[in-house]
Structure formats: C-alpha cells, structure tokens
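Please keep the sequence and the model in view while reading.

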Amino acid sequence: MAHFKQTFQVDAPLSAVWKMHDDPKALVELTPPPVHVTILSMDRPLRKGAELKFRLSVGPLGATWHAVYDEFNPYQAGDTVCNFVDRSLSSPFAFWTHRHTFNYIGGGKSTVTDDATFRLVNGPFSAIITAFAWPPIAF
C-alpha cells in the first residue's frame, strides 16, 4: 500500500478550520483547477457512518467516488484536536482511506494533517503499479 501524509499550518482557530471541513461542499472550494468536483449526494449532518457521493472530473473525463465516514470526532468548544476518517466504498482506487486531523497550536493558528493510505489496483503487481503511478509517495 502507498501512503501520503502532509501537515500544513493555517492562520485560523480550530473552530473555523473544523467548520470549513465539516461541510463536504468545501471539496468544491478546496480542489484546485483543472479538477472539478460535483457533490452528487451527502448525508447531513455528517457523523460516523454518513456517506458522500461525488464526481471528480477534468473536462469530459471523470470518476465517481462513494465514501463513508468511519470516524467522526467533531470540534467541541475548548478542544485542541478533532478529526474524521473517510474511506472509499467505490472509487478509482482499489483501496483508499483518508484521515483528516486538525490541531490547535495556539495564537489563533491550527494545523491540518492529511494522512491517506491507498492501493491503486489489487493483485500481485499492485505495489509496482502504484509505485510507477506515484513514485514520490508510493511507499
């Protein structure tokens, strides 16, 4: 399996960072061009077990994702950490799980950590194919 992890700092308190990520429609705003996101359906409010269906496309090419929230630990006043985990039920990947962790670091600033584990295809050559497709982050 391949693994990608990235942490970055934002100039916003944890409550504001959570509020933005608590809405799947933020995918539309957060996804850089030329990729276009269309929300097809979503359970509200978000919670453990909620599902989201969306389409990612570049021009006429695209793929539909169906994800479930396996963990959901929302921000509560006074918290310094909150998170959620989404896992694909169907997507272009054979396996995909993505942990989103938000930490308050003080001074009105927070960190966002994206931690994804994925496999492009199943089978005996999956590691080789994934490494070829994503060499900098494949292992």
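Two strands are taken to pair if DSSP finds at least two bridges between them, and strands (E, at least two residues) and helices (H or I, at least four residues) are DSSP runs numbered from the N terminus. The model is a predicted one, in which local features need pLDDT of at least 70 and side-chain atom pairs count only at pLDDT 80 or more, while totals for chains, interfaces and linings use all residues. Residues are numbered from 1 along each chain as its sequence is written, and side-chain values use heavy atoms, with hydrogens and water left out.

**The sheet**

Seen across the sheet, the 7 strands follow the order S1-S7-S6-S5-S4-S3-S2 with antiparallel pairing, and the sheet is open. Its edges are formed by strand S1 (2-10) and strand S2 (36-42), each of which has a single partner strand, so one side of each is left without a neighbour in the sheet. From one strand to the next the twist averages 25 degrees, where axes are lines fitted to C-alpha atoms and angles run from 0 to 180 degrees between N-to-C directions.

Strands S6 (residues 95-106) and S7 (residues 109-119) run antiparallel and are joined by 11 bridges; in this pairing Trp 96 stands opposite Phe 118 in S7. Strand S3 (residues 51-58) is joined to strand S4 (residues 61-73) by 8 bridges, again antiparallel, and Glu 51 stands opposite Val 68 in S4. These two strands, S3 and S4, form a hairpin with 2 residues between them, and Gly 59 in the turn has a positive phi of about 60 degrees. On the pairing of S4 with strand S5 (residues 81-90), 7 bridges are found in the antiparallel sense, with Val 68 opposite Arg 87 in S5.

**Salt bridges**

The structure holds 3 salt bridges, a salt bridge being a side-chain nitrogen of Lys or Arg within 4 Å of a carboxyl oxygen of Asp or Glu.

| Pair | Closest N to O |
|---|---|
| Lys 109 and Asp 11 | 3.6 Å |

The salt bridge of Lys 109 with Asp 11 links distant parts of the chain, with Lys 109 in strand S7 and Asp 11 in the loop between S1 and helix H1 (14-21), 98 residues apart. Relative accessible area is used here to call a residue buried (under 20%), exposed (over 50%) or partly exposed (in between), with a 1.4 Å probe and protein chains only. Lys 109 is partly exposed at 31%, whereas Asp 11 is exposed at 65%.

Asp 70 is partly exposed at 26%, as is Arg 87 at 29%.

**Asp 114**

Which side chain of opposite charge is nearest to the buried Asp 114? Asp 114, in strand S7, has no salt bridge, and that nearest side chain, Arg 99, is 10 Å away, where Lys and Arg count as positive, Asp and Glu as negative, and His and the chain ends are not counted. The side chain of Asp 114 does make a polar contact of 3.4 Å with that of His 100.

How values were computed:
A polar contact is a pair of N or O atoms within 3.5 Å; within protein, one must be able to donate a hydrogen and the other to accept it, and residues adjacent in sequence count only if both atoms are side-chain atoms.
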